[in-house]
Every structure is written in C-alpha cells, then in structure tokens.
Amino acid sequence: MTRHSSKFSFLPGIARVKQLPTTVSLMLLGGGIAVAGSQIISQSPSRMPALAQVVSPEASQPAPTEAEAALPPIPSRNFISDVVQSAGPAVVRIDASRTVSRAPGQLNDPVFRQFFGNLPQQPAERVQRGLGSGFILDGQGHVLTNAHVVEGADRVSVTLKDGRALEGEVLGADPATDVAVIRVEADALPVVKTTNSEQLQPGEWSIAIGNPLGLDNTVTAGIISATGRSSGEVGIPDKRVDFIQTDAAINPGNSGGPLLNAEGEVIGMNTAIIQGAQGLGFAIPINTVKEIAQQLIATGKVEHPFLGVQMATLTPDVKAQINADPNRPFQVEAAEGVLLVRIVPNSPAAQAGLRVGDVVRAIDGEAIATSEELQALVAGRAVGSDLTLTIERNGQTTTQSVTLGELPPARS
C-alpha cells in the first residue's frame, strides 16, 4: 500500500512490524543511561554531604518577592501534554486488510515439475494487512483518514485509545486529495475540535499524534514550516492539494493522523514525507479535508474538474531553455503566462484544440501568471463548466473555449 516516487512517498498504511529490533534498541539505550548515571553518582560519595551543606535549598534560594509570591503556581504539565489529553482519545489506529488471489504460477508448469517434482501447493489466496491512523470527526462515527490507508481494503478495523475495537465501513475515498471517510457505530465517541486552516502562519506550533511504525499513541511536536505548498513543489503533481509543511516528526503509520495546533485543534491530516529528508512532512489542510469528507459522506465520491494539460509557469529561464533546444517543435515568444508542455490525449484540452507550446494568459478575462493560479481557477469550477482561454500561439493572441470534464480515476 506504499507509493513512491524518486523523492516523495506517502506515509504508508504499513504492514505490522516486528517489535524485537525496537525492543533491543530501547533496552540498549536504557542500559547506557543507567550505567552513565551510576558512574556520576559513585564518583565521589564522600563529598556529597559536604556539598549538601554548602549548597542547601534554604541558602541557595532567595526569598520570593511580593510580586513573585502573587504569581499563580506553575503547572506541572505543559501545553503539549494538555493537547494530548484533550485530543488524544479521538485519535484512532486503523487496521486495513484485503484478500489477494494468487494466480497459478511457475510451480504448476509441467516443465518446472519435471525437474523439481511436486512441491507443496501455495494457498490460492493471501491476506495483505496495513496500518494507519485517523481521527473521529463527529458523534455520528465519521472517522477521517488517508485514502491510501484504506485503498483496496475489504475489511477495516478502528481501535480507540480506550481499547475499543470497532468494525468500520469505508463510505468513500478520494485519491486526488488522499482523503477517506470511515463510519463506525458506537456510543460516547470522543471527537476532535477543528479550526480554520486558512489562518495558519509559519512558525506556529504543530503537534502530530498517530501510530508510526506500529507504536500506538505516539506524540511528536514542531512548528509549521510553510503553508500553501503546491503538489508540484512537493513532487506529486497529480494531487489536488496545497499542503501544510511541518518539521514535527511523522513516519510511516502516521498516515491519516491529525496535525494539531497549540490549542488542541486539528489543522491538518498527516499524509506525506520526502524520502531521505529530515523535518519535511506534509499535511492536508483541515479545510480541504472537511470539504472532501462532506462530499464523501453525502455521495461516496468527489467530482474534480479536469482540463487535461501539463503546464509550467513561464519565466525568462524557462523561455530561454525552450528556445535554445533545436529539437523543440515550437518557439516561445510570450514573456509571461502559463506554458502548456503536454496535452493529454482525448482530454477536454485536446478536444478544444489546445496545443503544446500555447501560453495561457487569461481565463474568462482573468489574468493568469502562474500554473498554480490556473490550477486553482480550474479547481474552483464545476464539472461541465465552459471556460474561455486567452492564449498566445506563435506570437498571435487568440481565444479557445473549453468544457471541463471529470478527472478520470487514477491508474494503479
């Protein structure tokens, strides 16, 4: 259930891991700390009483001033532990499984059996299991997680922090945004609080809760490193999401778990990491998650408008590189806009007559300067909408009418 590109990977709904290596590492670390501690304590026991006499609590601590005495006592917990106490019960572990049929293979080949004899028959079916995280959105039992956590699953189990294990029903999953909704039936379900992710600012606290590598109820903390990271910047241009970037540690198994602010409100859903990097995790903004979830709850699917182009923001460097390539079938004369570098066959763009090398300057009279602006404008329209594109082709400005289609399902 893991997806990879050269650098980017979804946080997979991981298979259960063996606990022995983790246990051994923890034991070694604990042993090292214990030995170091005993060495410090036993270095000079004869001097300890004298040291206690010289630096006594009464002598070393000055009497508090009236202002200090009036201050409220400092709580023993910090805000992160408060967040965990309030939001943690609504964070769940998701176990997904699917049965895979095994096709007859080489073992049944008569030539193979002639040389190696009759080998034990392999089972016709096997079960693949994955593990992820999620959080309970409301008292109706709607649990949110990543689409890739439940992809292809024929059985889903949701385990709460209080130990309850509930059978889940996948209401729908949207691969384009990597959001899925599971429904469970139970009373007195804990729920999360959410906030407006449009108001996030880099530098704010971020807290992740989930089940990385099978270690349930793991908490990590950091800051919001950036907002509005486009899917192209992250390296997954097929996704319809602008991501939150965080340096809070997230790992395989954190998929679908919440990213929270200092008030314990969900600001995003953890979904992706960049392989080989540290402090580069990505979450889907909660506003996007809730919008997609509402459609999945209502209809079980999400319709995404589809134009069918691969594009790039036209800059002086991009223009120079294209025009310097003698094998290019076109030259770019426009100074700015969005360059179409590929037209998907049989797509709305292809049917409308758009060509590789066209530069989109405006849509319905609204100026377009970047590929992100074009994507956002298309995403904001409904399937079947008509658009008028102002394009520059071979130094001439013209218009093309395009009817948006529906994004086709992703191929496995």
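Reply: pLDDT is the predictor's confidence in each residue, from 0 to 100. This is a predicted model, where local features need pLDDT of at least 70, side-chain atom pairs count only at pLDDT 80 or more, and totals for chains, interfaces and linings use all residues. Residues are numbered from 1 along each chain as its sequence is written, and side-chain values use heavy atoms, with hydrogens and water left out.

Me: What's the mean pLDDT of the protein chain?
Reply: The mean is 81, with 76% of the residues at 70 or more.

Me: And which residues does pLDDT stay under 50 for?
Reply: Residues 14–59 are one such stretch, and the model gives them 16 contacts (heavy atoms within 4.5 Å) beyond four places in sequence. Where pLDDT is low, the predicted coordinates should not be read in detail.

Me: Which elements have the lowest and highest mean pLDDT?
Reply: Helix α1 (residues 20–42) is lowest at 31, and strand β4 (residues 142–145) is highest at 98. Helices (H or I, at least four residues) and strands (E, at least two) are DSSP runs, numbered from the N terminus.

Me: How many helices and strands in the chain?
Reply: The protein chain has 12 helices and 22 strands.

Me: Switching topic: is S97 buried or exposed?
Reply: S97 is buried, at 9% relative accessible area. Buried means under 20%, exposed over 50%, partly exposed in between (1.4 Å probe, protein chains only).

Me: Where does S97 sit?
Reply: S97 is in strand β2, residues 91–101.
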